[in-house]
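Here are my notes on the model you sent over. Have it open while you read, and work through the points in order.

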Amino acid sequence: MGKPFWFGIGILALFLALGLGISMGMDAIHEPIGKDLELAAQKALDGQMDEAAEIVRQASARWHRYWKLTASVADHTPMDETDMLFGELLVYAREGDRTHFAACCSQLEQMIESISAAHRLNWWNLL
């Protein structure tokens, strides 16, 4: 077992560490956004649109704060769709459309979750 063998082992260990770091990082970034969107949907359905809109503003700010980091490892198609849904939410909030606002929050929550889940270390992501 010479230098090339240990060099290969080192590269594999580096990739494993990067994969684990990305997996944990994506969850840490996106889980709070999903929770905020779930809460905002519930607040909207309860008739508390001002609170719901503020929660969405916070979720949107977090999404945009980590957008470049997410874009460096994620597929851009769901990210573009997520950006569009955040835009839709602004319209629903401005118009006071509680039902569509809550539905859009739920859809956005699922989109954020799928972006994060695509980077989890599990057997189906390895195949």
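Is V73 buried, partly exposed or exposed? V73 is partly exposed, because its relative accessible area is 32%. For the cut-offs, buried means under 20% relative accessible area, exposed means over 50%, and partly exposed is in between, with a 1.4 Å probe and protein chains only as cover.

1. **Ground rules.** This is a predicted model, where local features need pLDDT of at least 70 and side-chain atom pairs count only at pLDDT 80 or more, while totals for chains, interfaces and linings use all residues. Residues are numbered from 1 along each chain as its sequence is written, and side-chain values use heavy atoms, with hydrogens and water left out.

2. **Overall fold.** Start with the big picture: the protein has 6 helices and 0 strands. Along the sequence that reads α-α-α-α-α-α. The radius of gyration is 18 Å, well over the 14 Å that the globule rule gives for 127 residues, so the protein is more spread out than a compact globule. Helices (H or I, at least four residues) and strands (E, at least two) are DSSP runs, numbered from the N terminus. The radius of gyration is taken over C-alpha atoms, and the globule rule is 2.2 Å times the number of residues to the power 0.38.

3. Taken along the principal axes, the C-alpha atoms fill a box of roughly 70 × 20 × 20 Å. Of the 127 residues, 31% count as buried. The accessible surface comes to about 8,000 Å², and 63% of it belongs to carbon and sulfur atoms; these areas come from the Shrake-Rupley method with a 1.4 Å probe, and for residues only the protein chains shown count as cover. Among contacts (heavy atoms within 4.5 Å) with a separation of 6 or more, 66% are between residues 24 or more positions apart.

4. **The nonpolar patch.** Back to V73, which sits in the loop between helix 3 (67-71) and helix 4 (76-95). Together with F7, I11, L14, F15, L18 and I22, V73 makes a nonpolar surface patch of about 650 Å². Patches are made of residues with over 30% relative accessible area and no salt bridge; like charges are joined within 9 Å, and nonpolar side chains (Val, Leu, Ile, Met, Phe, Trp, Tyr) within 5 Å.

5. **W67.** Next, look at W67, which is in helix 3. W67 counts as partly exposed because its relative accessibility is 24%. Leaving aside neighbours within four places in sequence, W67 is in contact with M79 and D83. W67 and L45 are 22 residues apart in sequence, and their C-alpha atoms are 28 Å apart in space.

6. **Aromatic pairs.** How many aromatic pairs does a search of the whole structure find? The search finds 2. In one of them, the rings of F5 and W6 have centres 5.1 Å apart and planes at 80 degrees, so the pair is edge-to-face. The rings of W63 and F86 have centres 6.5 Å apart and planes at 35 degrees, so this pair is tilted. W63 lies in helix 2 (residues 49-65) and F86 in helix 4, so the pair ties together parts that are 23 residues apart in sequence. Rings of Phe, Tyr and Trp (its six-membered ring) pair if their centres lie within 6.5 Å; planes under 30 degrees apart count as stacked, over 60 as edge-to-face and the rest as tilted.

7. **How covered are those rings?** W63 is buried, with a relative accessible area of 1%, and F86 is buried too, at 5%. F5 is partly exposed, at 38%.

8. **Salt bridges.** Side chains of opposite charge can pair when their charged atoms come close. The structure holds 4 salt bridges, each a side-chain nitrogen of Lys or Arg within 4 Å of a carboxyl oxygen of Asp or Glu. One of them joins K43 and E51, at 3.1 Å from N to O. K43 is partly exposed at 21%, and so is E51 at 42%.

9. **Two further bridges.** E54 and R57 meet in a salt bridge at 3.3 Å, N to O. Both lie in helix 2, 3 residues apart, about one turn of the helix. E54 is partly exposed at 36%, as is R57 at 46%. E95 bridges to R94, with the closest N and O atoms 3.9 Å apart. E95 is exposed at 58%, and R94 is exposed at 62%.
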